[in-house]
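Thanks, everyone, for making the time.

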Amino acid sequence: MSPMLEVKDLEVAYGKIRAVKGISFDVNEGEVVTLIGTNGAGKTTTLRTISGLLRPSSGSIRFKDQDITTVPAHDIVQLGLAHSPEGRRIFPRLSVQENLLLGAFARKDKEVTNDLQAAYALFPILEERRNQPAGTFSGGEQQMLAMGRAMMSRPQLLMLDEPSMGLSPLMMKRIMTTVTTLQQQGTTILLVEQNAQAALKRATKGYVLEVGSIVLSGTGAELLSSDDVRKAYLGES
Amino acid sequence: MSRRTLPDSVRTTHGSKAPWLALAGGILFLVSGMLSWSYDDRILGDLSIRFYPAGIQLYAMLFGVIGVILAVLLLRRPAWLSPARGLRILGTTGIVFVVWVIASIAYQSGGLINANEGGWVALVGAVLLTAGGHLSPEVDIDVRRWPRLSSTLEIVIIVVLMAILLFTVAYTLDIEDGVIFAAFLIALIGLAGGLLGTGFGDYLGFIGANNRRPLLLAAFLVAFLFPFTQDGSDANMSIATQVLIFAATALGLNIVVGLAGLLDLGYIAFLGTGAYVAAMLSSSGFATVGWKPPFVVVMLIGAATAATFGLIIGSPTLRVSGDYLAIVTLGFGEIFRLAMFNLDGNNGPDLTNGPNGIPAIPDLELLGFDFGEVHTVAGIPLGRFSNYYFILLLLLMFVMLVFTRLNNSRIGRGWVAIREDERAAEAMGVNVFGLKLLAFSVGAFLAGLAGTIKAHQDTSVSPDQYVFLESAFLLAAVVLGGMGTVVGVLVGATILKLLPEKLREVNDYRLLVFGLLLVVMMRFRPEGLVPSKRRQLEFHGEDEELSELLQAEHLQTEHLKPEQLEPEPLQGAK
Amino acid sequence: MDAFAQQLVNGLTLGSLYALIAVGYTVVYGIVQLINFAHGEIFMIGAFGALSTWLIFFDGNLALWVLPLMILGAVIASVTTAVLMERIAYRPLRHAPRLAPLITAIGISIFLQEAVRLFYDEVPFFDFPDAKQRVPFPQIEVVTGPAFQLGNVTIQRSALFTIGCLVMCSAGLWYFVNRTRTGKGMQAVSQDPDTARLMGINVDRIIVVAFAVGATLAAVAGVAQGLQVTNINFRMGFLAGLKAFTAAVLGGIGNVWGAVVGGLTLGLVEAMAVQFIPGTFGGSPWKDVWAFALLIIVLVFRPQGILGAKVVDRA
Amino acid sequence: MTVTDTPTTDREAGRVTVLQASNVTMRFGGLTAVDDVSMTVHEGEIVGLIGPNGAGKTTFFNCLTGMYIPTEGRVELGGELLPPKPLKVVRAGMARTFQNIRLFANMTALENVMVGRYCRTSAMALTSILRGPKFRREEEATRERAQELLDYVGLGRSGELLARNMPYGDQRRLEIARALATDPQILLLDEPTAGMNPRETEETMQLIFKIRDSGLAVVVIEHDMRFIFALCDRVLCLVRGSLLIEGSPGEVQSDHRVIEAYIGGDDEEETA
């Protein structure tokens with residue numbers, strides 16, 4: 001079976017500066033795959049390119065056996081690939097419910113209401129505050145909203161960019177638990193995280209990025225026990 | 001900048017035919033000059049006689065001569081010249097030229113049937129030239145490897161070129177017929193482009209860069225001599241003064257727009273301020289102020305008033321985003337016009353005579369020199385407009401001096417930094433607000449200065465001279481010519497003032513074409529005709545080839561003439 | 001007191017007109033941060049579109065039922081122009097420095113004025129009047145004609161029509177922005193275009209819709225203006241556009257309701273200035289000056305405008 | 001206003017204090033981005049600022065550079081209250097670089113550094129137009145100083161390159177040269193090695209040491225732990241807006257709270 005997402009020799013440049021220098025990786029159905037690495041390693045750029053916000057300078061991206069390298073972002077969502085961006089990027093002046101419904105913007109079916117209930121079930125606090133403007137939320141609540149919103153498009157593959165950024169340990173755990181829940185419910189997940197420990201622990205597969213290239217890959221457990229990873233990303237000497 | 005040419009495969013298979021195609025094209029052009037172009041002998045200076053070339057036929061033959069020269073060059077394949085580029089320019093403009101002439105014949109004499117064989121032959125010739133140019137290989141030329149001439153010889157070349165320029169300008173302005181005028185301009189672009197495109201242009205630029213001071217001197221000498229070519233006639237001198245005042249004002253605006261990057265849509269108001277101040281303080285019987293100071297004082301007051309207005313309008317609005325500034329200045333321009341319209345004694349104090357304006361402003365008199373009289377120098381009479389021409393030339397030189405010196409200084413660097421990244425500039429200690437305000441008020445000051453002279457030259461001021469459209473024209477001169485450059489604005493101002501004067505036939509469509517021109521320019525060449533290299537990059541950020549080119553240029557000047565980096569183009573002493 | 005009431009009516013009428021046009025500036029700005037300087041011309045073309053519709057189909061017929069069809073004609077003309085303008089001139093410049101679209105806008109503005117001036121009477125197959133002078137606008141019955149008197153206050157029928165248009169358009173706009181899918185999409189794009197794309201929103205389409213919405217309201221304003229002033233001309237868009245932009249800034253550019261509030265405020269300020277500024281600086285010759293002065297004052301003290309926010313927002 | 005005594009963590013009391021931030025709190029609406037953070041930086045010292053993304057480092061940094069005025073607390077530079085405008089802050093002797101390089105892309109390297117000299121030169125409009133000897137001397141001095149600084153950061157031969165065409169690492173160093181051109185007492189570096197390869201990172205470290213040794217105080221925000229712990233004399237760790245710990249690299253590195261909050265400890269057990 002071919003992988004759900006297949007990234008091949010991807011290169012992305014801002015002007016002359018190459019942020020991603022020819023990386024290849026794939027994500028199989030049902031997996032949680034994580035990209036880890038320091039700031040500026042090219043993780044976010046990779047996700048933005050997959051979801052169509054950036055155009056690669058070379059390389060290809062295939063999703064469910066379809067070449068999506070040049071498909072515009074708004075069409076990619078409809079194929080079942082959702083992207084919860086770095087910094088959450090919720091629509092601050094819209095209410096929670098409006099934010100969630102925008103997540104289903106691309107859908108034409110009638111089951112949106114059910115999914116809204118599903119999102120509320122996932123994060124009950126969102127339902128309590130459904131009419132509140134999202135901009136007044138705390139970081140953790142915004143992250144829940146962003147994830148809920150991404151799920152509203154009924155994605156087969158969900159890309160999460162730094163979901164734990166700036167969150168308290170408790171909230172971070174809450175978010176990470178949700179990642180596992182979503183996986184169990186059948187969503188494939190591509191996770192970009194700075195918190196390598198937390199991410200690798202849940203990942204079936206991991207890739208380590210350094211300055212735009214993949215320097216290491218393996219299963220989550222392999223990477224967790226790798227000396228290099230422990231030194232570079234887990235602060236152990 | 002992008003060089004769109006044929007694929008290499010086509011060029012290798014058919015490249016050998018290129019010189020012959022070009023040669024045929026050149027010969028066809030030569031022949032066409034001997035043929036009849038028009039059945040109708042009343043139009044375009046009679047093109048109906050065979051073997052007796054008149055104006056336009058002569059231009060066609062010039063195309064032929066240069067085409068043949070380039071074709072021969074192409075056959076000999078010199079390593080240091082690129083005839084291909086010249087041919088492409090020559091051929092393409094040749095097509096435009098012939099189409100323009102044939103279209104004009106058809107339009108003026110009522111049908112394409114009146115276009116005779118000459119034009120069609122020339123059209124084939126032009127196409128062949130273009131084809132030859134596109135098929136022949138590009139030669140990378142490096143003018144630095146051309147033989148160096150002695151500096152005296154270089155200066156001689158500059159002087160000769162300037163003399164040719166003077167002659168050409170005088171000739172061009174003498175053409176009465178608008179269509180022939182335009183045809184000549186097109187031919188001029190094609191012929192000059194064809195010759196210079198081969199690499200001579202780069203070489204001349206190189207010589208010019210090595211002799212900036214002689215070049216400037218020669219240029220001003222030519223400008224100074226221009227009135228002497230007019231034999232006392234005021235017709236062209238009147239246009240020339242218009243061009244000068246327009247250019248000086250546009251150059252002032254270029255400080256604001258091109259250097260500091262602030263869009264001012266009400267700039268005409270500052271010119272108006274200067275003009276109104278001069279009018280009110282003049283000895284016109286309609287002047288509203290009793291005080292009649294000498295003109296030098298009037299100039300200073302006019303300019304200072306304009307600069308003050310600049311400060312008043314600038315200080316509150318320069319902090320907000322650029323778009324707002326554009327509209328606020330537009331609003332200010334309207335306020336100025338309305339105020340001048342209203343201040344007639346019925347609505348507010350009587351300062352401006354309202355819609356009637358202040359007429360009968362007397363001619364200037366400076367140091368006993370009466371600008372209204374004809375003076376004879378070396379047997380050549382110089383009329384009223386020639387007198388104003390000289391003082392306006394001085395004004396233009398002054399504005400150029402201010403422009404270049406501010407640009408090449410700490411202040412100029414600050415402006416570029418602000419344009420590039422305002423927040424970063426501020427964080428590096430650049431006084432962003434102060435520099436913007438400076439640009440705004442210097443621009444206003446210069447416009448005010450120009451206005452005081454304009455009032456006397458026009459002999460009247462009225463509100464309808466200072467409408468938004470005039471501001472738009474000034475802005476267009478800056479944009480068309482090239483933001484941030486002196487030469488560009490001079491070119492832009494000349495085109496925008498000269499063409500409507502000469503092309504009276506299409507005068508009604510003037511504004512339509514103007515509007516379209518702005519849109520097309522912004523789409524395809526936002527950096528203008530003679531762009532500042534840096535501006536070009538700002539508009540084509542993705543163009544790596546261009547940025548490397550500019551960099552090479554930097555290195556080249558550095559490498560060859562270190563003192564060239566010293567930004568003192570107008571300094572007299574070494 | 002009567003004078004005040006009279007100026008209140010005048011101000012609201014004028015303000016309604018400004019508000020209708022101002023929405024176009026603000027909607028487009030909210031989505032693409034572009035000041036569509038040529039929007040005044042869209043208003044002008046709306047008026048000519050209505051006139052053309054009348055001349056082609058209903059020449060001589062002044063019955064009320066003609067009016068909606070004239071408005072429809074106006075809307076078609078304006079929207080077509082605006083959408084073409086976006087597609088041909090603005091879209092290629094989406095990532096250019098900000099100077100470029102602004103200068104393009106000036107070019108379009110001049111081009112459209114001149115095109116109407118030169119070619120309106122030369123449109124083939126139709127006998128249109130020469131637009132180089134003022135062109136009389138059909139005075140539809142019921143909405144023109146004798147004014148109402150309320151005590152000493154005169155209320156023109158066309159004034160009521162103009163205010164009515166604003167009320168209806170505002171209601172329609174509210175429904176569109178808040179209750180339709182596309183409206184929601186617009187709100188999302190104005191807050192965060194990149195994330196909106198991730199939601200599956202076609203940003204290019206939303207931008208076209210924004211231009212179209214603005215053009216629709218401007219077209220209605222064009223008809224209202226024609227009925228009120230009884231004639232139209234190719235230059236009518238310039239000053240109206242400038243004032244409407246002032247109104248948009250006044251209300252807080254990017255904010256739809258700001259445009260409405262700003263328009264009404266500006267109209268009232270102008271009307272009151274005519275009446276209540278004493279001495280020789282009062283009266284109608286100076287009202288435009290006061291309007292622009294107000295713009296500058298607002299920018300100094302409250303650059304974000306009366307209603308502040310930077311986006312298409314809920315009231 | 002009482003200024004607290006020099007913090008006890010300062011192991012080398014007696015050195016000149018360059019920058020002192022006391023109890024800085026920054027709120028946006030209801031959100032407290034920085035909560036009661038104090039920091040002292042001495043001459044010839046490198047202080048590191050770490051913390052997870054969104055921990056308020058950048059906000060705190062912006063308070064230090066005068067971009068924001070803190071809601072509470074004060075920031076003093078050389079004993080004087082930090083002036084409220086970025087411009088004046090630079091003149092008072094503080095220079096910074098940016099997280100995502102903000103060079104003047106279409107200017108040459110030399111011109112970029114010359115812009116940095118702006119606040120230490122004085123030629124105004126009239127002087128620039130008249131071009132007296134003073135103007136020329138100043139212009140010459142500016143150029144010389146800029147070239148000197150390019151040499152200093154190792155870009156001496158790149159002066160005529162456009163900033164946009166320079167390699168990434170060179171751009172970072174150019175930004176430092178430009179900042180140094182303002183003659184600062186203290187240099188604030190925002191992620192100076194982001195996106196660099198190990199060799200470039202090492203070179204940058206040497207450069208920062210060199211700057212420190214010339215007597216400047218340096219504050220560095222960085223994510224690269226190895227870099228920070230090798231570079232800094234003292235490290236502050238911010239978490240969720242407040243100061244978690246301040247100490248020597250060794251102390252911070254081994255603090256279990258830092259590992260837990262930032263580097264990512266065994267969250268399962270910790271929060272259970």
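Let me begin with Arg117(C), which counts as buried because its relative accessible area is 15%, and the cut-off for that class is under 20%. Please keep in mind throughout that this is a predicted model.

Which residue meets the side chain of Arg117(C) in a salt bridge? The partner is Asp508(B), with a nitrogen-to-oxygen distance of 3.4 Å. Asp508(B) sits in the loop that runs between helix H18 (486–502) and helix H19 (510–524) of chain B, whereas Arg117(C) belongs to helix H4 (residues 99–119) of chain C, so this pair joins two chains.

Glu86(C) counts as buried, with 1% relative accessibility, while Arg94(C), at 29%, counts as partly exposed. Over in chain A, salt bridges with shared partners tie Arg107(A), Asp109(A), Glu111(A), Asp115(A) and Arg154(A) into one network.

One more residue of chain C deserves a look, and that is Gln6(C), which is found in helix H1 (residues 2–32). Is Gln6(C) buried or exposed? Gln6(C) is buried, with a relative accessible area of 17%, and, leaving aside residues up to four places away in sequence, Gln6(C) touches Asn152(C), Val153(C) and Thr154(C).

Now to the interface of chain C with chain A. The contact draws 19 residues from chain C and 22 residues from chain A, and the two chains bury about 2,200 Å² between them, with 58% of that on carbon and sulfur atoms. On the chain C side, Arg181(C), Leu198(C) and Met199(C) lose the most area to chain A, and together they account for 32% of what that side buries.

How many salt bridges cross the interface of chain C and chain A? The rule finds 3, and one of the salt bridges in the structure that I would point to is the one between Glu98(A) and Lys184(C), whose closest N and O atoms are 3.2 Å apart. Glu98(A) lies in helix H3 (residues 96–103) of chain A and Lys184(C) in helix H6 of chain C, so here again the pair joins two chains. Both Glu98(A) and Lys184(C) are buried.

Helix H6 (181–191) and helix H7 (193–198) of chain C are the elements that give two or more residues to the side touching chain A, and H6(C) gives the most, with 6 residues. By class, that side of chain C divides into 6 nonpolar, 6 polar and 7 charged residues.

Let me turn to the other interface I want to describe. Of the 5 pairs of chains in contact, chains B and D share the most contacts, with 41 residues from chain D and 43 residues from chain B taking part. The area buried between chain D and chain B is about 3,900 Å², and carbon and sulfur atoms give 57% of it. Tyr118(D), Arg131(D) and Glu160(D) supply 19% of the area that chain D buries there, more than any other three residues.

Between chain D and chain B the count is 2 salt bridges, and Arg413(B) and Glu139(D) meet in a salt bridge at 2.8 Å, N to O. Polar contacts across this interface number 9 residue pairs, both residues at pLDDT 80 or more. Five helices are the elements that give two or more residues to the chain D side, among them helix H5 (133–153), and H5(D) provides the largest share, 6 residues. That side has 21 nonpolar, 9 polar and 11 charged residues.

To finish, a few words on the chains themselves. Chain B has 21 helices and 4 strands, and buried residues make up 57% of its 574 residues. Chain C and chain D, by contrast with the pairs above, do not touch, and their nearest C-alpha atoms are 14 Å apart.

Note on methods. Residues numbered from 1 in each chain as written. Chains lettered and ligands numbered in written order. Predicted model: local features only at pLDDT ≥ 70, side-chain atom pairs only at ≥ 80, totals over all residues. Heavy atoms only, no water. Contact = heavy atoms within 4.5 Å. Buried area = accessible area lost by both parts, 1.4 Å probe. Salt bridge = Lys/Arg side-chain N within 4 Å of Asp/Glu carboxyl O. Nonpolar A, V, L, I, M, F, W, Y, C, P; charged D, E, K, R; others polar. Buried < 20%, exposed > 50% of the residue type's maximum accessible area, 1.4 Å probe, protein only. Polar contact = N/O pair within 3.5 Å; in protein donor to acceptor, adjacent residues only side chain to side chain.
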